[in-house]
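The sequence and structure come first.

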Amino acid sequence: MTEPADRTDAMRTGEVKHMKWWGWGVEGVAFRHEDKPGFAPFVQQAIGLDLRAGERTERPYFSQLMVPASVAPKEFVAVLSGIVGAGNTVVDDLSRVVHTYGKSLRDLVRIRAGEIARTPDVVVYPADETEVRSVVEAAVAADAVIIPFGGGSNIAGSLEPHRDESRVVVSLDLGRLDRVLEIDADSGLARIQAGALGPDLEAQLNRDGWTMGHFPDSFTHSTLGGWVATRSSGMQSDKYGDIADIVKGLRVVRAGGVLAIRAVPSASTGPSVREMVVGSEGRLGVITEVTVQVHRLPEKRAIQAYFFKNLDHGLAAMQEIAESDVSPSVTRISDAHETAFSLATSKESTGIRKKAQAGLMAYLKRRGWDLDEMCLSFIGFEGDGAHAKRQKSLVDRIVRRHHGIGVGKGPGALYDQKKFDTPYIRDFLLDHGAAGDVSETAGSWSKLRGIHAAVYEAADRAYEKIGHKGWTMSHMSHSYHSGACLYFTFAFVFGGDPLGEYDTVKRAIQQAFVDAGGTISHHHGVGLEHAPWLEEDISTQGVAIMSGLFDAADPGGNFNPRKIVV
């Protein structure tokens with residue numbers, strides 16, 4: 001079928017390009033399973049979905065959407081146009097839909113079903129901080145709502161306007177603020193505009209021999225400002241730290257002026273205002289510039305793969321690594337279910353490689369391994385050649401003590417190449433009428449195994465409740481001295497009530513987090529999605545303090561209201 005002309009898969013306004021309005025990423029990139037012979041049988045066994053049947057839901061046509069009309073008065077739009085230019089002030093339906101939701105499963109189910117209760121009324125693209133200040137002043141004077149927008153990759157409901165919002169809603173897109181402004185080579189600091197996408201800022205830093213070292217799953221389609229606003233964590237956070245560790249200075253446009261946090265190594269200046277901004281999801285103002293810690297590009301970088309007999313052995317090894325003098329860039333271990341998934345998404349091996357894999361599996365069986373309990377791990381090493389070699393040697397000893405076995409750099413190199421492609425699998429499942437989504441938490445080492453077991457039990461009960469076969473898998477990543485992140489993926493085939501069924505499973509998993517001693521989110525943020533559990537996580541007084549902060553800092557409720565706390 002030929003798609004109509006109004007079907008736009010990736011849109012560009014001025015200098016800013018966005019993801020396609022109905023899914024993740026860019027047109028022409030998608031997950032395919034035909035070259036992965038183990039994938040279709042795996043999906044059939046895991047959730048009862050027969051991919052060979054070839055039944056796919058038809059992707060939406062933009063012309064079929066019922067888009068609410070903009071309520072922005074012409075006079076207000078003219079004021080904004082006078083600030084950023086007519087070409088950078090847009091009210092067309094496509095632009096407003098692109099800026100309505102993030103990319104959570106809930107967002108994509110609704111957008112594909114044409115469920116759009118409220119959109120921004122106008123989208124503006126300022127060119128610099130001066131224009132951001134003028135837009136904010138005009139919006140606050142008009143008692144409008146301001147929702148900062150970066151790459152649009154958020155999956156916690158941090159972007160959408162409230163369905164009952166009667167005021168004009170302005171989506172303030174930072175996409176034109178995308179430059180590395182300055183690098184302080186003596187201090188290892190870089191000033192970067194908040195709208196810079198991950199690949200763009202890394203390319204600019206790399207040209208001068210630097211890296212920020214922050215690589216979240218959303219890296220290709222998320223921005224520095226978005227990372228700060230949601231307390232992001234990256235795949236190499238073991239070495240470089242979470243975004244809260246990387247951020248040293250900030251500039252935030254507010255109703256009364258600019259909040260400026262200078263980049264100093266440390267300070268005793270009362271409660272940290274910098275920490276208040278990190279994770280604030282736009283409620284304290286519009287982040288326009290961030291000063292971050294940067295590092296020289298490493299001479300050597302490699303990710304080694306290891307197998308462990310089971311998750312207990314693997315977690316014990318990860319804990320010992322975290323407590324040791326080793327400083328890897330990545331420590332990740334998949335549980336048995338995720339390991340099976342990873343193997344199922346591999347392309348078919350041939351020749352010597354196929355024989356080597358078969359030989360390895362036979363060897364592990366002879367050692368008494370139950371291959372259904374086997375866990376795959378990736379550990380990364382960076383630095384000069386001698387340092388990386390020394391780090392690997394220390395890790396290898398720890399791995400051996402916990403009955404693990406190294407399997408070389410090949411699987412790690414493949415993981416490194418494909419690490420940003422996982423969200424496309426979610427879209428693939430949606431095309432086939434199935435849910436695939438994620439929830440992540442963090443807990444102390446003493447609680448990780450209990451959290452893992454509790455989530456599996458809660459998810460299984462939820463699958464039984466909705467009457468569908470489900471699949472749960474997880475991996476441990478982002479290690480700290482006291483604990484680590486557990487990242488869960490869950491999947492099932494939709495029945496007659498997709499969002500109701502999704503809510504049943506999602507709520508069960510989130511409740512299991514707090515009941516077992518974990519946090520409601522390690523790096524995705526709170527938004528609307530996780531707000532119901534915030535009080536259980538940070539206590540009644542914690543919510544009271546946070547509410548007091550937002551109410552005092554934004555008495556008019558103009559900055560992304562009702563996110564995190566109502």
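Is the crossing of α17 and α18 left-handed or right-handed? The crossing of α17 and α18 is right-handed (the near helix is turned clockwise from the far one by less than a right angle).

## Basis

This is a predicted model, in which local features need pLDDT of at least 70 and side-chain atom pairs pLDDT 80 or more, while totals for chains, interfaces and linings use all residues. Residues are numbered from 1 along each chain as its sequence is written, and side-chain values use heavy atoms, without hydrogens and water.

## Helix pair

Helices are DSSP runs of H or I with at least four residues, numbered from the N terminus. Helix α17 (residues 445-466) packs with helix α18 (residues 498-515) at about 155°, the axes being 8 Å apart (lines fitted to C-alpha atoms over the stretch in contact, with angles from 0 to 180 degrees between N-to-C directions). That makes α17 roughly antiparallel to α18 (angles over 145 degrees).

Residues of α17 in the contact (heavy atoms within 4.5 Å) include I451, A454 and Y463, and those of α18 include E501, V505 and F513.

## Cavities

The whole structure has five cavities of 30 Å³ or more (sets of points on a 1 Å grid where a 1.4 Å probe fits but cannot get out; lining residues have an atom within 4 Å of a point). A volume is the space filled by probe spheres set on the points.

The largest cavity has about 60 Å³, and its lining includes W21, Y101 and D107. Helix α4 (105-112) gives the most to this lining, with three residues. The second largest cavity holds about 40 Å³, with H18, M19 and F149 among its lining residues.

Notes: Helix = DSSP H or I, 4+ residues; strand = E, 2+ residues; numbered from the N terminus. Parallel < 35°, antiparallel > 145°, perpendicular 65-115°, else oblique. 1 Å grid on protein atoms, 1.4 Å probe; cavity = no way out; pocket = protein on both sides within 12 Å on 5 of 7 lines; lining within 4 Å.
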